[in-house]
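Please look over the following structure before reading on.

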Amino acid sequence: MTHRIKIVRTKNPCIVVALFFDGTVKEYNVATLFHVYPQMKELEDQVLFHSVQVDAGGYGISWNDTLDLEAETIWEDGVETGKALSDPISELAFELTVERERAGLTQKQLAERAGMYQAEISKLERGLSNPSVDTLQRLAQCMGLTLQISFQKAEIG
């Protein structure tokens, strides 16, 4: 079975968090590759490290034309941290949590910046709330991000 990545995010210092299409969430420490592939040491540059993107089709992730990592490596050697993020609200909760942590903010700090209560952020991160687009835009802006919404072709099988 081929495992494909839907979303990838980073955590300091060299951890990638991958959400696979089957809903599995795995963390992988990229620093373990530094001694095997010396060119990967470039990822010690946190600006470069945080620029990671999912490759077309989800078969891997990459930082630039020379630095990439296969989805199968993350699947096989990563540590599973969660499962069953198959609905949009759960995916939103996952992304919001990862982005807030990447921004170095607590729930309370994000709430204060966005003019919300910390309990509202907590509900969002636990997938217990259905926020408006305006709320999502405000949260993204408070974290220095832009909101992107897209429709995807449904997976069959």
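## Leu-147 and helix H6

Leaving out neighbours within four places in sequence, Leu-147 is in contact with Val-133, Leu-136, Gln-137 and Ala-140, where contact means heavy atoms within 4.5 Å. Leu-147 belongs to the segment that follows helix H6, residues 133-142; helices (H or I, at least four residues) and strands (E, at least two) are DSSP runs, numbered from the N terminus. Between the C-alpha atoms of Leu-147 and Asp-134, which are 13 residues apart along the chain, the separation is 9.9 Å. With a relative accessible area of 32%, Leu-147 is partly exposed, given that buried means under 20% relative accessible area, exposed over 50%, and partly exposed in between (1.4 Å probe, protein chains only).

## Basis of the description

This is a predicted model, in which local features need pLDDT of at least 70 and side-chain atom pairs count only at pLDDT 80 or more, while totals for chains, interfaces and linings use all residues. Residues are numbered from 1 along each chain as its sequence is written, and side-chain values use heavy atoms, with hydrogens and water left out.

## Helix H4 and its partners

Helix H4 (residues 107-114) packs against helix H5 (residues 118-125) at an angle of about 115°, and their axes are 8 Å apart; axes are lines fitted to C-alpha atoms, for helices over the stretch in contact, and angles run from 0 to 180 degrees between N-to-C directions. H4 is therefore roughly perpendicular to H5, on a scale where angles under 35 degrees count as roughly parallel, over 145 as roughly antiparallel, 65 to 115 as roughly perpendicular and the rest as oblique. At this packing, Gln-107, Lys-108, Leu-110 and Ala-111 of H4 meet Gln-118, Ile-121, Ser-122 and Glu-125 of H5. The loop between H4 and H5 holds Tyr-117, which is exposed, at a relative accessible area of 65%.

H4 also packs with H6, at an angle of about 115° and with the axes 9 Å apart, so H4 is roughly perpendicular to H6. Here Leu-110, Arg-113 and Ala-114 from H4 meet Arg-138, Leu-139 and Cys-142 from H6.

## Nonpolar cores

The largest nonpolar core has 22 residues, of which Val-16, Val-30, Leu-43, Ile-61, Trp-63 and Ile-74 touch the most other members; such a core is a set of buried Ala, Val, Leu, Ile, Met, Phe, Trp, Tyr and Cys residues joined through side-chain atoms within 4.5 Å. At least two residues of this core come from each of strand E1 (5-11), strand E2 (15-20), helix H1 (46-49) and helix H2 (71-77). A second, separate core of eleven residues includes Leu-96, Ala-114, Cys-142 and Met-143. In soluble globular proteins, nonpolar side chains tend to be buried together.

## Strand E5 and the cysteines

Ser-62 lies in strand E5, residues 60-62, and counts as buried at 17% relative accessibility. Apart from its neighbours within four places in sequence, Ser-62 is in contact with Ser-51, Val-52, Gln-53, Asp-55, Leu-67 and Asp-68. Ser-62 and Ser-51 are eleven residues apart in sequence, and 8.5 Å separates them in space, C-alpha to C-alpha.

Cys-14 is buried, with a relative accessible area of 8%, and Cys-142 is buried as well, with a value of 15%. Counting a disulfide as a pair of cysteine sulfur atoms within 2.5 Å, the model has zero disulfides.
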